[in-house]
Amino acid sequence: MLSNKVVMYLIDHHCHLQHEKYENMKEEVIKQTCEEMSYVVVSGANEKWNKKAIEIAEKCKNFFATIGYHPVDAVKYSDKEWEEKLKTLEELAKHPKVIAIGEIGLDYHWIKDEKTNEIAKQRFLEQIRLADKLGLGVVIHSRDAELDAIKLVAENKRDNKVAFHCYSSHKHTELLHEHRFYAAVCTNIVRSKSVKKFVKRFGIERLLTETDAPYLSPFVGEINYPRNVKIVIEKISNILDMSLDDVSKKIKENFELLYNINK
Ligand SMILES: [Zn+2]
């Protein structure tokens, strides 16, 4: 008898394959990831990682890059230096592999003082406007700052090419839907009740999967890899009572719709 083959599309919407943790096995990891995955987004976060994200994205047809300044990195620069960084970012963002400006956002966990957070907000805003000007998406980091980040992006991005990465709060689901924003859950779903609750409330519409590899491995003490999104798909399938096949197809559709990819 023939068995019904499940087709699982694996999409990692956010990982850092340029991380030094992969240094000694880089070519091997890139080759294997390229073979296994439907889409992979290599995410920049600072000057060095932005360039490397594009370099790695060039190596596989199904790889893309995001480039931008993480809030903790963005606040390190003087106003004059920042002006230069923004200009370079704009030039780099014209590369055909770049699909979004990210990861950018707010981080109230690492940045505590108000004055620095004002600078972070301003630089976040400038990067949102850059994405808007270039017709690109934005990938948002919003640690302990979800509501402020949602509001700021809603007020300044004229389309809904907006994805909240590694969304770990179970709050603000209505607000995200109201603006038709996307949200990605990552491999920390295995440990986080809040992420599970979020999936239940948010549903499959505009939901994405990611790993944040090499961080947030589902296996304690190990390096994370893009292929581990399989585990995220399994969790979503349990929580939403959908087949693995249906979950992975829908995530793929969501991703293609967000970034206008026609397959
Ligand atoms: Zn990241």
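Predicted model: local features only at pLDDT ≥ 70, side-chain atom pairs only at ≥ 80, totals over all residues.
## Cysteine 15 and its surroundings

Let's start with C15, which sits in strand β1, a stretch covering residues 11-15. Is this cysteine buried or exposed? C15 counts as buried because 30 C-beta neighbours lie inside 10 Å, and the cut-off for that label is 20 or more.

Leaving aside residues up to four places away in sequence, C15 touches V40, V42 and S43, then the run E210, T211, D212 and A213, and also P226. For a sense of distance, take K76, which is 61 residues from C15 along the chain: the C-alpha atoms of this pair are separated by 23 Å.

## The largest nonpolar core

The largest nonpolar core holds 76 residues, and the members that touch the most other members are V42, V138, A163, A183, A184 and V185. Strand β4 (residues 98-107) supplies the largest share of this core, with six residues.

A163 is worth a visit in your viewer. Which residues does A163 touch, not counting those up to four places away in sequence? The list runs through H13, then G137, V139 and I140, then Y182, A183 and A184, and finally L208 and L258. Two of these, A183 and A184, are named with A163 among the core residues that touch the most other members.

## Helices α8 and α9

Helix α8 (residues 193-202) and helix α9 (residues 229-240) have axes that come within 10 Å and cross at roughly 55°. That angle makes α8 oblique to α9, and the crossing is right-handed.

On the α8 side, the contact is made by K196, V199 and K200, while α9 brings I236, I239 and L240. Sorted by class, the residues of this contact are four nonpolar and two charged, with no polar ones.

## Helices α5 and α6

The other pairing brings together helix α5 (residues 114-134) and helix α6 (residues 146-156), which pack at an angle of about 40° with their axes 10 Å apart. So α5 is oblique to α6, and α5 passes α6 in a right-handed crossing.

Which residues meet here? From α5 come K121, F124, L125, I128 and R129, and they meet L152, V153 and N156 in α6. This contact has five nonpolar residues, one polar residue and two charged residues.

Note on methods
Residues numbered from 1 in each chain as written. Helix = DSSP H or I, 4+ residues; strand = E, 2+ residues; numbered from the N terminus. Buried ≥ 20, exposed ≤ 12 C-beta atoms within 10 Å, placed from the backbone. Contact = placed C-beta atoms within 7 Å. Core = buried A, V, L, I, M, F, W, Y, C linked by C-beta atoms within 7 Å. Axes fitted to C-alpha atoms, helices over the stretch in contact; angles between N-to-C directions. Parallel < 35°, antiparallel > 145°, perpendicular 65-115°, else oblique. Left-handed = near helix turned anticlockwise from the far one by under 90°. Nonpolar A, V, L, I, M, F, W, Y, C, P; charged D, E, K, R; others polar.
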